[in-house]
Amino acid sequence: MTRPPARRNRNRGRSRRRLLPRPRVLLGTLLISLFVGVLVVQAYINAEFTSDHLESEVGDQDGVPAAIRNGGPIINTTGGQESSNRLPARTIALTFDDGPDPEWTPKVLQVLKENDAHGTFFVVGSEVARNPDLTRKITADGNELGLHTFTHPNMQRLAPWRRTFELSQTQVAIARAADVHTNLVRFPYSSKPQAIDEVNWRIVKEAGRQGYLVVVNDLDSEDWQRPGVEQIVRNATPKGDTSAVILFHDAGGERSQTLAALRVFIPMMKARGYRFTTVTEGLNLSIADQRKDSAAAVPLLPVNPEASSTDRLRGAGLLWTVRLADGLVWALAGLFLVVGLLTIGRTALLLALATRHARQRRKPGWSWGPPVTEPVSVIVPAYNEKEGIEAAVRSLAGGDYPDIEVVVVDDGSTDGTAAIVERLGLPNVRVIRVPNGGKANALNTGIALARHDIIVTVDGDTIFEPDSIRMLVQPFASPAVGAVAGNVKVGNRETLVAAWQHIEYVIGFNLDRRLYEVLNCMPTVPGAIGAFRRAALAQVGGISDETLAEDTDVTMALCRAGWRVVYEERAKAWTEAPATLEQLYRQRYRWSYGTMQAMWKHRRALTDSGDSGRFGRVGLPFLALFGVALPLLAPVVDIMLLYGLVFWELSATMIAWGLMLALQLFTAAVAFRFDNESLRPLWRLPLQQFAYRQLMYLVLIQSAVTAMTGGRLRWHKLHRAGLTGARDLAAEAPMIPSIPPTGPSQGIAPAVDTWPPVLGRVSDPAHPAAGRATARPPVPSQAPGPWEPEDLPSAGSPPGGGSGPVVTRGA
């Protein structure tokens, strides 16, 4: 009996998925590779070079023929020959190195044109690629082009393949820019024939094998030193009636003295009977003179011969690559400036407003108002929280607040979470069992069955201090307050990953909440410790499950409804942070994606009036700018750091990075002081810049891509190990005598249609927090597809889905 075809196809599909990378991963890898490649190209073409007159010692010259050392400036080693040539008497070839330069080359061309003279421009390939029109103008004006390598390196220090590459790339750049080919090359840092040693002679012969004539010079104007016009003219003036190939520069610095010297030099030498030619024209004149004395016919060389179509095509690709690389680095530099300004502006605003908040809270006699002593209901949604649920419930039930009701909503756990709580037998703790329907559904169920009007929401892995609930509810003394955010602390700080999160919680969350409260645009009441008025929740439609960040969603809805959301730093909750990078990535991915969902959901606040509009025009832009845009752009800082360390000046790069780190350390120190935390963990902050921060970049980038492409993100259930010492912390809470539950061993609570109740009401779909706030009808269980992890239900369908009887046990 053969296997069903469907199974074979499914297995084959799984095999393929294991062998081949996902399209998004492959696309991301290709884009990153392209990005890195372009940066490398840009760094290569932007290699900084020094003056052509690099001081170097002349080496051994025994292997250099005397005819070369004592010969002319045009050296020919093509075809195995070894000869050199001078220009005819009273002939000058003006040569210009290091261009084309958009500022100085046009001015040099204008001087030559005014004096009816031509020159030979030995151009740098990378500058040709950046200035193709100017390169074409050089030849259009009757001048000649020669190669001066692509990046102006010292050829003695390069491998043979790199020397060939430097010349060939410059050749194709010229071909695309000016549609010409050149047979002339001048090496950077070369001098006169007398300075050629054995090392340079090998490079000269190597160029000859590639068909190039190597041009040095007879006279150096030394205009690169800017010694003054008179001295430049003196340096360039040949003795008697001798010919000369003279070196000038049309780039590489300020060249006003060069221009002034040329305006004096050319007319002066013409008055002495000199003619000005290009190098090739002068060489052809020498060849013509040799023909008179020799029977052998020596062919003349063409000036600026036409380039081949292959070179033009290769040059087009090269020019576009250079433009792309330059554009990318300019864009990165612009983004770096933007990131720097945003970071400095945010830091200044954060420190000013957070300091104002802290000082206000710590004034003698400051209070929220009359003490709040109303009964409190604590809702604990729990899904497979067996590791930490006992410690969490004991810390909640044993708080020093006078009247606490703890409602644990077991959201279809499969690890005995509900049984653990029931065995505690705490009189002020109730357990409600519901089919697995997601966190929002569990919260709404707990709120619906809670007895009191002040609601505290707590994650199942969180431990409260004895006074946390009392501190948390005091802001409700003000009738304008609809919700309170508590102070979340990382309880498992032993590992490096968790310690980094501890720093982030103190700086990135708690310090930010001070700022948000002052601006009255608090975006999130954390799920680990938050308090709400029942009336406020009812007004906004309860906890919606339309986003993965239900805490951010409901907080934004409360702000839009006009409720004040505040931060109470004295109400502390200890939570278990992810201990591995994988778990951290999953958690932050969900947080980031959920926050973006909430921002999009509440986008209409931007155009609303009243309280909603105030939040939309302050809170949403602030969160979008500093919570999304700035972190998305922040990788530019690291990219520029790496780029600078490798390709730019090391000291300047390290100073810039050090200043950025100092700013972060100062902000961190302020935040830790406000939170009464030890500064000792901050020694890890520099290390955080090289691992943790990059992970957060990837999280936010992937979240943004998922949001923009409409992808579905699934709820990532974290694996808990329980807080270190959690049982000891729980044991320190006041012990409550175990009272056996009365009545049936398992009671059934009243049927809950939804919370807030909608029976007899017409729902308002346009409400800021409109959305599903209840468990839905049962959905038949389906095995997940091979591409869907079983423990990662979709955002639209929390774990398991479905609804059923709500079962309670306890008080």
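Start at the second largest cavity, with a volume of about 60 Å³. A cavity here is a set of points on a 1 Å grid over the protein atoms alone where a 1.4 Å probe fits but cannot get out, and lining residues have an atom within 4 Å of a point; the volume is the space filled by probe spheres set on the points, which are joined across faces, edges and corners.

This is a predicted model, in which local features need pLDDT of at least 70 and side-chain atom pairs count only at pLDDT 80 or more, while totals for chains, interfaces and linings use all residues. Residues are numbered from 1 along each chain as its sequence is written, and side-chain values use heavy atoms, with hydrogens and water left out.

Select the lining of the second largest cavity, including Glu 144, His 181, Thr 280 and Pro 305.

Next, go to the largest cavity, with a volume of about 90 Å³. Of its 14 lining residues, Leu 443, Thr 457, Gly 527, Glu 550 and Asp 551 lie nearest the centre. Which helix gives the largest share of this lining? Colour H19: three residues come from there.

Thr 417, Ala 418, Ile 420, Val 421 and Leu 424 are buried in H14, meaning under 20% relative accessible area (1.4 Å probe, protein chains only). Look down the axis of H14: the buried residues fall within an arc of 160°, so they line one face of the helix. That arc is taken from the directions from the helix axis to the C-beta atoms. Finish on Gly 425, which follows H14 and has a positive phi, near 60°.

Key: On a 1 Å grid over the protein atoms alone, a cavity is a set of points where a 1.4 Å probe fits but cannot get out, and a pocket is an open set with protein on both sides within 12 Å along at least five of seven lines; lining residues have an atom within 4 Å of a point. Helices (H or I, at least four residues) and strands (E, at least two) are DSSP runs, numbered from the N terminus. Buried means under 20% relative accessible area, exposed over 50%, partly exposed in between (1.4 Å probe, protein chains only).
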